[in-house]
Amino acid sequence: MRFLARGGRSSKDRTSLRRHRAARPVLLLLSLFLVGATYAAVSPATESVADGAADAQLIAQGKALFSQNCASCHGLGGEGLAQQGAPALTNVGAAAVDFQVSTGRMPMANPLVQAPAKENTFTEDEIAALAAYVASLGQGPAIPTEDQYNPAGMSPEDVSRGGELFRTNCSACHNFKGAGGALPNGAVAPSLQNATPKQILEALRTGPGQMPIFAEGALPDENAKQVIAYIEQVNAVPAAGLSLGGLGPVAEGFWAWVAGIGSLVLFAVWIASRGARA
Amino acid sequence: MAKPAELNPDSPALEVKTPPTSRETSKLAGPVTWVDDRIGLAKLAGNIRKVFPDHWSFLLGEIALYSFIILLLTGVFLTIWFKPSMAEIEYAGSYALLRDVRMSEAFASTLNISFDIRGGLLVRQIHHWAAMLFVAAMTAHMLRVFFTGAFRKPRELNWIIGVGLFSMGLVEGFAGYSLPDDLLSGTGLRFVDGLIRSIPLIGTWAEFFVFGGEFPGTLIIPRLYMVHILLIPGLLLGLISAHMALLVYHKHTHWPGPGRTNRNIQGYPFFPIYVAKAGGFFFIVFGVTVLMGAVFQINPVWLYGPYNPSQVTAGSQPDWYMGFVEGAIRIMPNWEWHLGHTTWSWNVFLPGVGLMGLLFTGLALYPFIEAWITGDTSEHHLLDRPRNAPVRTGIGVAGMACYAMFWLAGGNDILATQFHVSLNAVTYFMRVAVFVVPVLAFIVTKRICLSLQRADKERVLHGSESNIIVRNPEGGFSEAHVPLSQEEAYTLTRHPQPKALVPNGVKVGRVRQTLSRWYADGQVPKPTAAEVAEAEHHGAIEGGEGDERVLEGSDSGDAH
């Protein structure tokens, strides 16, 4: 620890510096920096770690946030706690964190049921810090960049190709226009209608909950972008009247009885109550 | 040469008949006479004054009839552009989100009707809503006939024709649902393909027969098209004609009341009253259907996409009238036998083919089963009030409850997502509910019927409440009752009550005796003549007080 006290001070000063109140936190930060920097230097997942120095700061901030908000279930080092049903986060990557936190799913209130999407209370910077920290724990997909998910400027052929991919891979759980559907044991495939393109791509790459992972090799970014474009555009198609929730024939049958037969019975009562005035 | 036939001079056949000479007519009646001379228009005049009774529930069948007419009209429009072909093409129409997607001509032409034919989407939606209403109105009409006992002698055959119409309606609706060849209709066809294959021993053969080979093949849509626009509509038209002819022949039933008997009919003549009422109602039904077609989106096939056997969507359901079969299959445990080289798929056969068979057989046989239980061989033109046939009403409500449970099970995924419950919990609940809920429904319904009978008896014997609270000199309060009108008292007491069969010279089997006791059990005995006389005597004394009450300044004493 001598290096802390360089600069011609006496050994007494050195000792007092060592015992200074700020010494421990500073030391901690520095050692974290050292770990982060070393990790960044040797880690293969370099794509999520662009700028070493800035990143180390981010990771440190992320770790602090993690200890406050995530560690009670996922463990201080993100190793997971089996008895809480919390998975290890050592290899989930930044994309998973960004998806789970930005959709409000994490931190979750009740670990026994599927995390519902809710209002996200973290700022973008906080999410980035959390993501950087979790990414620093191991490998995993990075947060996608805008050119990977932004569907602007796709041709109609691209979009209809996305529709085919969507119907083949997604609609079985998420319904034909992404309105969502039921899964066994109380789980649901959520609606995609409020998801952002970034979140959709992150979900594809990280497979949250019961969703399978669609890796880059199976579904290249180009195709993922087509799917995202289709989901956006199919929900922008104006309905031919009231869409009745977009749930298909169950809702239609309900309205046939309630609005159709219901109103016609009222008319029948009216007609029968009018006597003949011939 | 044969001998000339002997002539019988008395035979009336030998009388020479001269055709009627043309009549002297006014200029105005000319065309009418012209037609009458040729098709006997005047003879129809008797039927034109046919009397029909007036009640809203008698109009439910009319909704079905008018929906059918709307279906014929809109269906003709759709056939002009629909191409019943499974040839694969690349879509090049104006719906951009399916640009260049490979699909059948059937689906492409449905998209063209929706996006490129003027008014096509509206007509498609009217056609689909009218189909939903057609089956729904038939169901409502059937329930009305059931709960009022209108299926009894002499109308059993017309009831069976009605059951035939109902089952044809389901097939017709399903065929229409399948024609556009979208993802949902293809999934529905795959479902029926499974039903066909589940038939023991001949299933696979039957599948190949229907589909012309492996599912889906290229034949099923042209075949269903023929079924949908020719075969079933033809059968429906024939059955509807028979249904209406028998209605005219039997005359309509009517509600009991003073002057209404099993031998007469009270109401208004067909012409002009019902021509106006029914004609007006047709336009109301048409209007409501057009409004629904314009305001509510139905079957947005462009969102479902073309059928592709490798694809499926969450929320794949049939139209509502096939929902009970869907539900039965969804909740059925996975029972299957493997005997030798054969597979017996009870998991699909029992809830699919079995349940539909049970429903239609049960419906068709019910009039005969009830007549056998009650031993009732008389004609009925007066309707039963549902409360006066508690067991029948209970059976009906139990049947509806059972159907409803299967129906809800058919939407178990929608229930799970919309009400945030577990899909598995809904399924397990329904497995029990389809057996338990009908029993509960029967018990509760019968109790309600008996309570209503008791209320009727109370009303006959003690009159109706006068709504006037009287305070007597001692400070007590009481409400006097007003005696019923003769007409109402008659209406409430005229019905025959079901009685248990007693072996009276004729042999009655034990099962039949038990069932007939069950059917008649628990009835609240109608007030006897002596009881009514006693109550009137009592009421006369009360009435004395009542007069006083009226004098005290109320004019509502005889409001009832």
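Predicted model: local features only at pLDDT ≥ 70, side-chain atom pairs only at ≥ 80, totals over all residues.

## Helix H16 of chain B

Helix H16 of chain B, spanning residues 423-462, carries a kink of about 50 degrees that is centred on Ala433(B). At the start of H16(B), the backbone nitrogen of Asn424(B) has a side-chain oxygen of Ser422(B) within 3.2 Å, while just after H16(B) the backbone of Gly463(B) adopts a positive phi of about 80 degrees.

## The two domains of chain B

For chain B the domain assignment gives domain 1 as 54-308 and domain 2 as 461-551, and the centres of these two domains, taken over C-alpha atoms, are separated by 47 Å. Four residues of domain 1 of chain B are in contact with four residues of domain 2 of chain B, and the area buried between domain 1 of chain B and domain 2 of chain B comes to about 330 Å², with 68% of it given by carbon and sulfur atoms. Of the area that domain 1 of chain B buries against domain 2 of chain B, 85% is supplied by Pro256(B), Gly257(B) and Pro258(B), more than by any other three residues. Across this interface of domain 1 and domain 2 of chain B the rule finds zero salt bridges, and it likewise finds zero residue pairs in polar contact when both residues are required to have pLDDT 80 or more. The side of domain 1 of chain B that touches domain 2 of chain B consists, by class, of two nonpolar, one polar and one charged residues.

## The two domains of chain A

Chain A is divided into domain 1 (43-143) and domain 2 (144-247), whose C-alpha centres lie 24 Å apart. To the contact between them, domain 1 of chain A brings 13 residues and domain 2 of chain A brings 13 residues. The area buried between domain 1 and domain 2 of chain A is about 910 Å², of which 56% comes from carbon and sulfur atoms. Within domain 1 of chain A, the residues that lose the most area to domain 2 of chain A are Phe99(A), Gln114(A) and Ile143(A), which together account for 52% of what that side buries.

How many salt bridges are counted between domain 1 of chain A and domain 2 of chain A? The count is one salt bridge. Asp98(A) pairs with Lys198(A) in a salt bridge whose closest N and O atoms are 3.4 Å apart. Four residue pairs in polar contact, both at pLDDT 80 or more, are found across the interface of domain 1 of chain A and domain 2 of chain A, and the side of domain 1 of chain A that touches domain 2 of chain A has seven nonpolar, four polar and two charged residues.

## The interface between the chains

The contact between the two chains takes 57 residues from chain A and 65 residues from chain B, and chain A and chain B bury about 4900 Å² between them, 71% of it on carbon and sulfur atoms. One salt bridge is counted between chain A and chain B, and the side chains of Arg99(B) and Glu157(A) meet in a salt bridge at 3.9 Å, N to O. The count of residue pairs in polar contact between chain A and chain B, with both residues at pLDDT 80 or more, is 16. On the side of chain A that touches chain B, at least two residues each are supplied by several elements, including helix H8 (156-169), helix H11 (221-234) and helix H12 (249-273). H12(A) gives the most to that side, with 19 residues, and the residues of the side of chain A that touches chain B divide into 34 nonpolar, 17 polar and six charged.

## Salt bridges and backbone geometry

| Pair | N to O distance |
|---|---|
| Arg99(B) and Glu157(A) | 3.9 Å |
| Asp98(A) and Lys198(A) | 3.4 Å |
| Glu88(B) and Arg102(B) | 2.7 Å |

Because Glu88(B) lies in strand E2 (residues 88-90) and Arg102(B) in strand E3 (residues 102-104) of chain B, the pair ties together parts that are 14 residues apart in sequence.

The peptide bond from Met106(A) to Pro107(A) is cis, with omega near -5 degrees, and Pro107(A) is placed in the loop between helix H5 (93-102) and helix H6 (124-136) of chain A. Lys153(B) and Pro154(B) are also joined by a cis peptide bond, with omega about 10 degrees, and Pro154(B) is found in the loop between helix H5 (120-147) and helix H6 (156-178) of chain B. Asn175(A), a residue other than glycine, has a positive phi near 75 degrees and lies in the loop between H9 and E1 of chain A.

Terms used. Residues numbered from 1 in each chain as written. Chains lettered and ligands numbered in written order. Heavy atoms only, no water. Bend = angle between axes of the 7 residues up to and from the residue. Helix = DSSP H or I, 4+ residues; strand = E, 2+ residues; numbered from the N terminus. Polar contact = N/O pair within 3.5 Å; in protein donor to acceptor, adjacent residues only side chain to side chain. Domains from an automatic or database assignment. Contact = heavy atoms within 4.5 Å. Buried area = accessible area lost by both parts, 1.4 Å probe. Salt bridge = Lys/Arg side-chain N within 4 Å of Asp/Glu carboxyl O. Nonpolar A, V, L, I, M, F, W, Y, C, P; charged D, E, K, R; others polar.
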